[in-house]
Amino acid sequence: MTSLPALPDVRRLLLEEEKVRELLCIEDLRFESQPAGRLMVYSTMLNYKIRKYDDSDYEAVRTMFASGMNEYIPSVFLHVLKQLWVIFVLTCLFIVLLLSSRSLLLPILAITLLLAAGRQLVGYIWSLYIDKCLTGDLLDIQRTYMQNKNACFWVAEVEDRIIGIVAAKPAEGEEAELQLKRMSVRADFRGFGIAKALSRTVLDFARQLNFRCVVLNTLMVQYEAKKMYESVGFKKYLDDDIPPLYGKLVNFTISKYRYDIVSKN
């Protein structure tokens with residue numbers, strides 16, 4: 001059922017519906033118009049497939065990982081702003097500027113500029129982490145994952161378009177543990193169970209190779225990812241601080257999850 005917005009947008013939204021139906025090869029779709037002319041698509045059916053990584057996927061995989069991680073920058077910045085010491089510093093600065101200048105404009109302008117600079121700093125630090133991943137295991141995916149019999153990389157695709165990725169390799173220092181890594185699903189394809197299917201692909205891989213368990217790390221701002229992993233059966237066993245000083249300053253933690261593989265013997 002379609003809820004139509006203002007008349008000038010009707011023709012464009014109908015064309016968008018037709019394109020989405022053609023892309024997904026689905027007839028059982030429900031469309032809802034949203035503010036700003038956006039379409040929300042709901043369905044329990046999606047013709048996607050999960051397969052192993054191929055060299056032709058290289059650029060698409062790296063782009064998807066980077067764009068997916070960049071989505072967390074606003075959440076990270078908001079988390080930083082919620083820290084008591086940050087609130088205290090901003091409040092004190094505002095009061096000092098207000099009393100010294102006897103003008104409301106100066107402290108408002110100063111705080112605004114400071115917040116803008118802080119947002120850029122958070123984005124820069126986050127980009128360093130993304131670059132570290134892109135120049136690490138994602139620099140040579142074939143060698144890191146596909147040429148290692150105990151590791152693998154998968155992609156989910158619809159109509160030859162990559163919409164999700166996940167990887168797995170033995171955890172460092174723990175040969176009996178398989179680590180799930182690089183999970184990412186395109187924003188417009190979330191809610192179809194693709195991330196769960198990718199997670200179960202890793203679990204099946206772990207069972208086939210007789211790993212004792214599957215482990216993974218999530219950041220504290222990855223709320224939806226945590227819920228998804230828990231729904232699959234992962235259990236959180238540790239919250240750990242990020243080692244660098246800035247991680248401790250902003251109370252940034254990594255949540256560690258574990259899924260124990262039940263032995264058939």
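Which helices and strands do the buried residues of α2 pack against? They pack against α3 (73-81), α5 (105-134), α6 (141-146), β4 (152-158), β5 (161-171) and β6 (174-185). Contact here means heavy atoms within 4.5 Å. Helices (H or I, at least four residues) and strands (E, at least two) are DSSP runs, numbered from the N terminus.

This is a predicted model, in which local features need pLDDT of at least 70 and side-chain atom pairs count only at pLDDT 80 or more, while totals for chains, interfaces and linings use all residues. Residues are numbered from 1 along each chain as its sequence is written, and side-chain values use heavy atoms, with hydrogens and water left out.

**Helix α2**

Helix α2 covers residues 58-70, which makes 13 residues. From its first C-alpha to its last it reaches 19 Å, close to the 18 Å expected at 1.5 Å a residue. The expected span is 1.5 Å times one less than the number of residues. The buried residues of α2 are Val61, Arg62, Met64, Phe65, Ala66, Gly68 and Met69. Buried means under 20% relative accessible area, exposed means over 50%, and partly exposed lies in between (1.4 Å probe, protein chains only).

**Salt bridges**

A search of the whole structure finds 13 salt bridges. A salt bridge is a side-chain nitrogen of Lys or Arg within 4 Å of a carboxyl oxygen of Asp or Glu. The table lists some of them.

| Arginine | Partner | Closest N and O atoms |
|---|---|---|
| Arginine 182 | Aspartate 137 | 2.8 Å apart |
| Arginine 258 | Glutamate 177 | 3.4 Å apart |
| Arginine 207 | Aspartate 204 | 3.0 Å apart |

The salt bridge between arginine 182 and aspartate 137 links distant parts of the chain, 45 residues apart. Arginine 182 is in strand β6, and aspartate 137 is in the loop between α5 and α6. Both residues, arginine 182 and aspartate 137, are buried.

The salt bridge between arginine 258 and glutamate 177 also links distant parts of the chain, 81 residues apart. Arginine 258 is in strand β9 (residues 253-260), and glutamate 177 is in strand β6. Arginine 258 is partly exposed, with a relative accessible area of 25%, whereas glutamate 177 is buried, at 11%. Glu177 and Arg258 are linked with Glu174, Arg212 and Asp260 in a network of salt bridges.

Arginine 207 and aspartate 204 both lie in helix α7 (residues 194-208), three residues apart, about one turn of the helix. An α-helix has 3.6 residues a turn, so residues three or four places apart point the same way. Arginine 207 counts as partly exposed at 33% relative accessibility, and aspartate 204 counts as partly exposed at 40%.
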